[in-house]
Amino acid sequence: MQTITTTEELAAFCDRAKGQPYVTVDTEFLRERTYYSKLCLIQIALPGTDTDDAVLVDPLVDGLSLEPLLELFRDERTVKVFHAARQDLEIFYIDHRCIPTPLFDTQVAAMVCGFGEQVGYETLVKRIAKQQLDKSSRFTDWSRRPLTDAQKTYALADVTHLRQIYEFLNRKLQETGRERWVGEEIAVLTDPETYITRPEDAWKRVKTRSNSPRFLAIVRELARFRESYAQDRNQPRNRVFKDDALVELASTKPANMQDLGRSRLLLREARKGAIADGILAAVKAGVDCPKENLPQVVNDKDRLQINPALADLLRVLLKAKTEKSGVASKLIAPASDLDAIAAGERDVPALRGWRREVFGEDALRLCEGKIALSANGKSVAVIDL
């Protein structure tokens, strides 16, 4: 098991990789104590079965530059294959402003090829490579050195079996003509906007029971402060203060340190210093926010005049299309898309691109009364009217 620890070794391996039809890539990282992921290990494998075709790269070694790997990531001749690539890609974009292209995500491809919702790597190894994975090293501390042989074996398995999985799925996509379907999903993964978290938008992730504009303005300012503070200091946002404390603060609106001290949910560290000052300033900004700048949230279900019977029929149609195509239903159309279509909305993802071919066209015909659905044994038949 070769572990690359110098830039020269990495450059030599990446030179071998350039021009190959594909390479498989995975990473091990830690994020429990930081805002941004800490890259601890990179695994890469070339096509083939030779022992020299798969290596580990130790990014924690002093003096090792990842530039040869980044050059490989930019090489358009070689497909970079990941499984569930989003977190891996976020690391390379945040740390190096580099997103590997061309890209292939085996989790996305598996969903298109009939393996179900967000299928895990272990499942694909069992079903395609006919192998068992030893997952005992999955939750080990990847930042500690030296790595054990068990850790190295586990890490390499994440890219060696991935070769067979990629070749199988890629062949299946070519046979079914669905490469473009996967390509549309990959476009989202290769868009830098996917990996940018803006503090001003952080409040939209906070679950609240009230849609009062003034209350939401305070939530917005508290979430903005927390996100900026966490990013600047590279610590998890929940270690600044948790969502339940944020909602409590937005409700109680503390105006001074004494008010802040009465919070039931705020951690001790947040009751003093920069965090406490930031909380009080955020609450004041929300309280003083001009009326025209208050956030407005419209509940989708209140806004949409949903035809419940039509929504139910669309769910039956989706089930029929899922069974026929083998594509995971959530990938074709989430429940929110179905409700939107039933309410007359037409600018929804389920009616665009490959989803329109698989489901959208018949969904529109169903809404227009041009088709009907009928039970046909254990399946559902679409009948032209």
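Modeller: In this predicted model, a helix is a DSSP run of H or I over at least four residues, and helices are numbered from the N terminus. With that in place, Asn234 can be located: the residue lies in the loop between α8 (213-233) and α9 (237-240).

Biologist: What makes the phi of Asn234 worth a remark?

Modeller: The phi of Asn234 is positive, about 50 degrees, although the residue is not a glycine.

Biologist: Why is Asn234 called partly exposed?

Modeller: Its relative accessibility is 32%. Buried requires under 20% and exposed requires over 50%, so a value in between is called partly exposed. Asn234 therefore counts as partly exposed.

Biologist: Which other residue has a positive phi although it is not a glycine, and where does it lie?

Modeller: Lys253 has a positive phi of about 55 degrees and is not a glycine either. Its place is the loop between α10 (243-252) and α11 (257-260).

Biologist: How do you know whether Lys253 is buried, exposed or partly exposed?

Modeller: Lys253 has 40% relative accessibility, and therefore counts as partly exposed.

Biologist: Where is Glu361 found, and what makes it partly exposed?

Modeller: Glu361 is found in helix α17 (residues 353-367). The residue is called partly exposed because its relative accessible area is 40%. The C-alpha atoms of Glu361 and Leu351 are separated by 7.3 Å, and the two residues are 10 apart along the chain.

Biologist: What makes β2 and β3 a pair of strands?

Modeller: Pairing requires at least two bridges. Between β2 and strand β3 (residues 38-45) there are 7 bridges, and the two run antiparallel. One of the partners in β3 is Leu39, which is bridged to Phe29.

Biologist: How many bridges join β2 to β5, and which way do the two strands run?

Modeller: There are 3 bridges between β2 and strand β5 (residues 79-82), and the strands run parallel. Since at least two bridges are required, these strands also count as paired. Tyr22 stands opposite Val79 of β5.

Biologist: Which residues does a cis peptide bond join, with omega about -10 degrees?

Modeller: That bond joins Thr101 and Pro102. Pro102 is in the loop between α3 (86-96) and β6 (103-105). A cis peptide bond also joins Arg145 and Pro146, with omega about 5 degrees. Pro146 is placed in the loop between α5 (121-129) and α6 (149-176).

Biologist: How many helices and strands has the chain, and which domains does its assignment give?

Modeller: The chain has 17 helices and 8 strands. Its domain assignment gives domain 1 (2-195), domain 2 (199-293) and domain 3 (301-384). The C-alpha centres of domain 2 and domain 3 are 40 Å apart.

Key. Residues numbered from 1 in each chain as written. Predicted model: local features only at pLDDT ≥ 70, side-chain atom pairs only at ≥ 80, totals over all residues. Heavy atoms only, no water. Domains from an automatic or database assignment. Buried < 20%, exposed > 50% of the residue type's maximum accessible area, 1.4 Å probe, protein only.
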